Amino acid sequence: MLIDVHCHLTAPEFEGKVKEIIERSVEAGIRVIVTSGLGYEDGLKALEISDHRIVYPSIGMSPYILKGHEQVIDLIRRESKKIIAIGEVGLDYWYVKNDEERAEQKRIFREFIELSKELDLPLVIHSRSAGKYALEILFEMKAERVIMHAFDGAAKYAVRAVERGYMFSIPPSIARSQQKRKLVKRIPLENLLLESDSPVLSPIAGQINYPWNIVVSAEWIGRIKGISIEKVIEITGDNASEIFDLKL
Ligand SMILES: [Zn+2]
């Protein structure tokens with residue numbers, strides 16, 4: 001099954017085109033799209049466009065936005081039966097260089113991890129330029145159901161996360177990223193997922209990305225591991241159903 005475990009259908013780039021994009025995705029063979037709402041307003045929109053048949057919602061916030069997380073936590077609690085994951089949440093040391101703000105990011109991140117345990121929902125983790133630090137916190141807090149999305153850290157850290165059963169979702173930007181290819185080489189297929197992160201992380205820099213480009217991720221994983229694309233789609237689909245507990 002082709003499952004896009006992480007994208008943003010509510011992004012401004014897709015305004016007025018969501019229905020069409022979902023239709024084209026289904027034509028391309030995609031079975032499930034997990035759309036991630038960022039913040040309270042966008043979280044509401046993600047809930048609104050989800051049909052729980054093809055499109056499922058996840059709610060989180062960009063880690064570099066430090067305001068309004070209480071409201072997002074309330075929304076997740078209130079809608080916990082409707083969402084299938086908390087995320088994206090995490091750390092971003094690329095945008096935020098200041099120590100005080102980084103400490104605040106960590107504090108908020110811990111609250112989301114706590115919440116994921118309380119509600120027994122998987123976490124989708126954003127960890128731009130902070131892979132090692134995000135994993136340290138997740139390990140320390142004994143988070144179990146974890147998807148590291150578009151992980152940009154070193155493969156050696158990823159291997160430690162694999163030992164704990166963490167999953168890694170691979171975006172189509174693998175077509176232009178040596179780091180992502182190294183990552184795929186080191187991570188077993190049983191710990192890999194496909195994500196588009198559309199509208200960003202397209203296979204070609206500067207272009208708008210779409211959910212169906214997860215096929216590009218699948219092709220690259222197959223090429224690197226020397227297995228068929230069908231096998232990649234089958235196993236990553238099983239992995240996604242399992243971590244999200246999808247009853248398909
Ligand atoms: Zn994202």
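**Entry 1: zinc site**

I looked up the spacing of the zinc donors along the chain and noted H-x1-H-x79-E-x108-D. I record that this is a predicted model, in which local features need pLDDT of at least 70, side-chain atom pairs count only at pLDDT 80 or more, and totals for chains, interfaces and linings use all residues. Residues are numbered from 1 along each chain as its sequence is written, and side-chain values use heavy atoms, with hydrogens and water left out.

I then listed the coordinating atoms: H6 (NE2), H8 (NE2), E88 (OE) and D197 (OD), at 2.1 to 2.2 Å from the zinc ion. Donors here are N, O and S atoms within 2.8 Å of the metal (3.2 Å for Na, K and Ca); water is not among the atoms, so sites may look incomplete. E88 in strand β4 (residues 85–92) and D197 in the loop between β8 and α8 (214–225) link distant parts of the chain, being 109 residues apart. Helices (H or I, at least four residues) and strands (E, at least two) are DSSP runs, numbered from the N terminus.

**Entry 2: backbone geometry**

I checked omega and found a cis peptide bond joining G87 and E88, at about 5 degrees. The bond from S198 to P199 is also cis, with omega near 15 degrees; P199 is placed in the loop between β8 and α8.

H52 has phi near 55 degrees and lies in the loop between α2 (40–49) and β3. With a relative accessible area of 34%, H52 is partly exposed. D120 has phi of about 50 degrees and belongs to the loop between α4 and β5 (123–128). D120 is exposed, at 51%.

**Entry 3: helices α3 and α4**

I examined helix α3 (residues 69–78) against helix α4 (residues 99–119): the angle is about 10 degrees and the axes are 11 Å apart. The two are therefore roughly parallel. Axes are lines fitted to C-alpha atoms, for helices over the stretch in contact, and angles run from 0 to 180 degrees between N-to-C directions. Under 35 degrees counts as roughly parallel, over 145 as roughly antiparallel, 65 to 115 as roughly perpendicular and the rest as oblique.

From α3, the residues H69, V72, I73, I76 and R77 meet a set in α4 that includes R107, I108, E111 and F112. Contact means heavy atoms within 4.5 Å.

**Entry 4: strands β7 and β8**

I placed S169 in strand β7 (residues 167–170) and L192 in strand β8 (residues 192–194). S169 is buried at 1%, and L192 is buried at 0%. Not counting residues up to four places away in sequence, S169 touches V5, I147, M148, H149, A150, L193 and E195.

Note on methods
Buried means under 20% relative accessible area, exposed over 50%, partly exposed in between (1.4 Å probe, protein chains only).
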